[in-house]
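Welcome! Have a look at the structure below, and then we can walk through a few of its details together.

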Amino acid sequence: MNKGGRPKGFLTKPEKYQYSKAYLRKVRSLQKKRDKEEEAKRVAEEEARKLRDAHNIYLNRTTNFNSEEVLGILNEDDNMNVEDQQLVVDENNVSGDEHVPTDDEDIELEPELLIEESLYDNALRELKDLYIDTRMTRKQGNGILNILRLFSTKYPQVFRPFPKDIRTVMKAPTYSKAKVVEPGTYIHTGVEACIDRIFTTNPHLPIPEQLVLDFNIDGLPIAKSSSSSVWPIQCRIYNIPTCKPFVVGIYHGMSKPKNMHEYLHDFVDEMKRLVDEGIIINDKSLLVKIRAFICDAPARASIKCIKGHSGYFSCEKCKQEGEKERGTTMIFDKKTDELRTDEGFKNKDQIEHHTPGLTSPLLQIPKIKMVTRFPLDYMHLVLLGIQKRMLRLWINFKKKPWSMTPTNIKLCSEKLVFLSQYIPSEFSRKPRSLDELPRWKCTELRLFLFYLSPIILKEFIKPDYYEHYMTFQVAMTLLAREDLFCDDNIELAQNLINIFVPRLAYLYGREQIVYNVHSLLHLPADAKKFGVLDNFSAFPYENNLQEVKKSIKGYTKPLEQIVRIQYYRLGNEFQKAKVNIKYPQLVECRINNKAVFKNFTLSANTRDSIAMLKNGELVKVLNVLKKQGEDCILGEILNKTDEEFFIKPCAATVLDIFVIDMSLPTRRQYISLSSIKIKYLLLPFVEPKWVAIPLMHAHLS
Ligand SMILES: [Zn+2]
């Protein structure tokens, strides 16, 4: 607008200023672009020169060709480190490729064969890794390919032509054709095809006698602004412990699949065949067994075609009829009823449990057990369910006997944040304040349940409520810790849960005994069948779901993008884990040397410095060093007191939790790395007392 009669095109002061700034920015960016182009040109010319030299060397030679020499020339400015160079040479040797001559051979070679193997394939492999690891866009990937194509067109005798599109490099499997599954689309990649790829791309993997498979089915929203979501079917070979979950089929649509029969059709068809006939890998016929379907409650209800958690007969393990409290909440506050059986499910002996008119498509799979093979997953049930519910009770309700006062909530949050400095590096997330509770992730809830809650809550909730919570905390610890896991402790956990659930109704009100809380009563039975809680938790699938989400780089054809990247990963995961490292080992670092064990790390950093020795003593690491040729730590032996940190429902020392007195004198000594048993977490309690708690999964294996 032309205000105040200012002539058109006349600029006010700020406009002028802006204009000149923008102009300068533009000039600078153009200059930068030009510099970049010149630099790229220079690099390209330099590379071309090296290639020419390499090629000339090759052509001048007829005998005793040494591939290392070419690689040396190609890398004369040391862009690749020694390790990388060795990798290239080693891979040529390992592959046993007959086109790679050794010094003893006297063969005349075709140039393209040699250079192709050592550079072309390697470049593509590196590009694939880079594309996945850095989550670059398709445009960036194609940009790199364009640069590579400059070489392949200029030196056709050296390089095979590089493809134009990064999608060709990622090589979509041939079966990835999407079909309509209302109201979206579905791609079935196939259980057999994925397993076959795992074994063919990883020939070093030992082939077991049978394949024990776990499955997970869950929905995942992929866009913030719309209801667009995917529903992957994930599989994991349970008896190959290094095997991560992989996607065997995936649906995409604006809402969940309308008809489970349609959605699961290809999967069920394939499983029918695999369970009956097995899979042939390297001419060896392997039996296929289904161990478990590990899903959250809504997904279980969908695929089992049963009533959801708000239904009257929704308990999946017993036939108890729920009651509506205040017209909305479905509660299950009686003891467990008659247990459901696989046979009973098949015959629909309690018809109200099933969605009217629907039968689960999974029942077509031979030998499927619809009750016992569908364990309750503790990530959703215990962490996101009960633990989060209890935290909400303490902080959300005002003036209830169990409520924390606003001052206490603030102090509690401050303490959580304060404790983060003592959380070992094995934990990916550090505790956050209670204001952020709605956004706490499962891993944060796990950290709270197993490590922080006994200390934090002792200070901030009333003794009755603390004692009650600890029955739950100890029961979960008994079911989660490998070193405590045995029939007696499962029974003890069951007894504690049998106390915890009715007392929850007594202390907090009957309306708290919802589906999740009632289901907790059935959790020890699943642990007895499947092992420690992490043996049948949704954690690995949840992690892979995040990978699935990351692999979507554009809104068109998300299924094809996911399938392509997941398929590529199948061949890649195991290769990365191939390197054999001997543990424990001393790793020299700039500030603190580290003692690296298979499942944990120790160093002089406060958070990573506490461990228990095989003789039961607790030690604080002061330094990690070599002494007389042996890797060892210089440690301070800590003083355990006789004090029990808690005595109910069992003494803390039974769970290897100790109170340490830091004011007493300590003695220093050198300790061999092989004397270390398990890593500990040390948290301040009441000065000078500290509490030492053993880390799960940090045992010397
Ligand atoms: Zn039940």
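This is a predicted model: local features need pLDDT of at least 70, side-chain atom pairs count only at pLDDT 80 or more; totals for chains, interfaces and linings use all residues.

Residues are numbered from 1 along each chain as its sequence is written.

**Two packed helices**

- Helix α16 (residues 487-508) packs against helix α18 (residues 523-530) at an angle of about 165°, and their axes are 9 Å apart.
- That makes α16 roughly antiparallel to α18 (angles over 145 degrees count as roughly antiparallel).
- On the α16 side, Ile490, Ala493, Gln494 and Ile497 meet Pro524, Ala527 and Lys528 of α18 (residues are in contact if their C-beta atoms, placed from the backbone, lie within 7 Å).

**A look at Phe460**

- Phe460 belongs to helix α14 (residues 442-460).
- Leaving aside residues up to four places away in sequence, Phe460 touches Met404, Asn408 and Cys412.
- Met404 and Phe460 are 56 residues apart in sequence, yet 6.9 Å apart in space, C-alpha to C-alpha.

**A three-stranded sheet**

- Three strands form an open sheet in the order β11-β12-β13, with antiparallel pairing (strands pair if DSSP finds at least two bridges between them).
- The edges are β11 (585-587) and β13 (601-603), each with a single partner strand, so one side of each has no neighbour in the sheet.
- Strand β12 (residues 594-596) pairs with β13 over three bridges, and Val596 stands opposite Thr601 in β13.

Key: Axes are lines fitted to C-alpha atoms, for helices over the stretch in contact, and angles run from 0 to 180 degrees between N-to-C directions. Helices (H or I, at least four residues) and strands (E, at least two) are DSSP runs, numbered from the N terminus. Angles under 35 degrees count as roughly parallel, over 145 as roughly antiparallel, 65 to 115 as roughly perpendicular and the rest as oblique. Two residues are in contact if their C-beta atoms, placed from the backbone, lie within 7 Å.
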